[in-house]
Structure formats: C-alpha cells, structure tokens
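Have a look at the model first, then read on.

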Amino acid sequence: MNNATINQLQIKVKLITTVAFDYLFSPTPSSSSMSNSKLSYLFFLLLLLPLPLLLILYLLVRPRQVKIPIKNRHVFITGGSSGIGLALAHQAASEGARVSILARSPDKLEQAKQAIQLSTGIDVAVFAADVRDYDAVSKAISEADPIDVLIVNQGVFVPQELEKQELDEVKFMIDVNLMGSFHMIKAALPSIKNNRTDRGPASIALMSSQAGQVGIYGYTAYSASKFALRGLAEALQQEVIADDIHVSLIFPPDTDTPGLVEETKLRPQLTSIISASSGAMKADEVARKTLSGIKSGCFFIPCNFEGLLLSIATAGLAPQRSYLMAFVEIVAAGISRFAALCFQWNWYGSIEKWHTQNKRT
C-alpha cells in the first residue's frame, strides 16, 4: 500500500469523525426526541468507527494470509520420539502427511515409529542425530526427502535459580534449544527452498514456550534460550518470505510429557507456584493447535487462553497475517497490559510471601 492510498484513507477517517462529532456536540434545541436520536446515532457510530481501521489493517498487514497444506507433503519433526514431537508425528501422519522424525535415541525412534504405524498405518522415516552436531544433522537432512514443513521441536529444561545452576547446564539448554534450532534450519533450508515454486508454500515452525513470552522464576537459562527463538523467527521470516516459506512460533504451556514429570521433580517451589497459573495441557492438544496454526500460516501460535493473552500483550513488531487479529491486538493493547500487571502483581506477591515465610522458619 503506497503513501497516497494511506493518506486518502486517513482523510476519509478524519472526515467521518469530524461530521459525527459536529452532529453530536453542536448546539441544538433541547428535546427528548432529539436526545434519543443522538443516542441512536452515537450507538451506530460506535459500531461504524472500527470499519475504517479494519479496512486500513486489511490493506496494511504483512505478510499476507496463506494456507499451507499438510496432506501428501513431507513433514520433518525434531524431538519426534516422545512428548509433543511424537504427538505431532501422530497428528501429521493421521492427516495424510509423509512424516520423518529425528531424535538422539535409536531405540526411542524405533518405538515411536512402531507406535505411529500401529495407530495410523503410516510408515515414518526415522533419523538418529543430536541437534548439537551440525554435521550429523546435515547428514540426516541429506538422506531425507525434500522438506515441506520443518517443525523444530527439540528442547531441554533444567529448572534452577541462576545463582545455584551450573554453567554446564546453562550451556546445555542454549546448545539444544537455540543452537540446535540454528543447526536444523541452516541444514534444512536448501531442501526446503528446492523447487519451491512447483511445490507450494512451505513452513518452518519453532517450538518456543510460554516461558519464551514472559520470564519465570527458576527459568533464567531456559527462558533466555526460548526468548531468543523469537528474534530468530522474526528475522528469518524476512529472509525467506520471497521463497514462499512461512515461519511460525509456538507457545505451549506446561505439557503433560515424560520430560515434565522429571522437570517437576527439580523445580524450585516458587517456580511451581508461579507456573501453575497457566495450567498444563495434553501433548495431543498442543499438537492439534500447532498443526492448525501452521496450516493457517500463523506467526504466533498460542495453545491456550493464557498464551493468547500473552501473544496479544507481547505482539510488538511481530508480523501479523490476520487483519482481524491485528485489530484485536490494537484494541486490546491497554487491557492486555493491565492484565499483565495483574499477573505480575500476583507473581511478585507470591515471591514476597514465600521469602517472608522462609525467613520465619
């Protein structure tokens, strides 16, 4: 949309507003019928005023909306032998995709392959590799079919306050969650770009976390590794949009997986208190939300209501394909900020209360 078009829209909006306010607030004979007429007009105006903004947003939002099919296309999932990754593989296979999964353990991969084959009748390809090893990842990608949808799902989490946490654990999370994502995407990009015009739109989806939207006590290193994925995703989308490749960022809450069970045992008490406010989801629920968002080309893919509120509150300069969602983000900006302050009030109150109780004991 050029500057001339924007200027014309701004003039029309200003004209509508000026005429409306002149009518509503100019001196008129006092009468009950006139008051009722103005109230009716005010109500009509409140309904009408969003229309120019919606029109502007319809012309303004970028990138444009896109549909990314899954059926009969190759979906490559990292961390695919368990948890959300395995649920994604089941869901994609059940929707008719050709599925490949990558993980470190050959035994777990074989178990996952058999489980998917048993439940869907689909035979998936498996690749054993550690995402921290770029050469191993590149070898797996070279052996796989050309990729249409890459879901970078691997992740590790060791909850602990930074002061108490070993730097080896911090590096482990950064290496797997962040550097592993760089390795996967860099290795897969040639495969994804190859003959893209003939193959239709592609997707690169990164599994972040609600801890990648807001920092949480005890998640210092984990949040850092997940927050970084947003910068990666925003910049990458600009780099690959011309190749019809569309980036998504997924924000699941705590998810009922084997990893969550182990993580919960290690969590500081305050971490459990604060993170409980969002609740936990089943892996198959997260998988359904994820694939639905990928197929719609969404940049942000929240998985529950709290995640949606966080996505609105942290929209910032993120791309937005839906003009309706952009409208919600604009209208709800103040409300979502107020809600965020309420969350912070609750969290910091919990922290203060916990420290006070521990000092007494």
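Searching the whole structure turns up eight aromatic pairs; rings of Phe, Tyr and Trp (its six-membered ring) pair if their centres lie within 6.5 Å, and planes under 30 degrees apart count as stacked, over 60 as edge-to-face and the rest as tilted. This is a predicted model, where local features need pLDDT of at least 70, side-chain atom pairs count only at pLDDT 80 or more, and totals for chains, interfaces and linings use all residues. Residues are numbered from 1 along each chain as its sequence is written, and side-chain values use heavy atoms, with hydrogens and water left out.

**Phe157 and its partners**
- Phe157 and Tyr222 make a tilted pair, because their planes are at 35°, with the ring centres 4.2 Å apart.
- This pair links distant parts of the chain, 65 residues apart: Phe157 is in the loop between strand E4 (149-152) and helix H7 (167-193), and Tyr222 is in helix H9 (residues 220-240). Helices (H or I, at least four residues) and strands (E, at least two) are DSSP runs, numbered from the N terminus.
- Phe157 is buried at 16% relative accessible area, and Tyr222 is buried too, at 13%. Buried means under 20% relative accessible area, exposed over 50%, partly exposed in between (1.4 Å probe, protein chains only).
- Ring pairs also bring in Tyr219, giving a cluster of Phe157, Tyr219 and Tyr222.

**Phe299 and Phe300**
- These two, Phe299 and Phe300, form a tilted pair, with 5.4 Å between centres and 35° between planes.
- Phe299 is buried at 6% relative accessibility, and Phe300 is buried at 13%.
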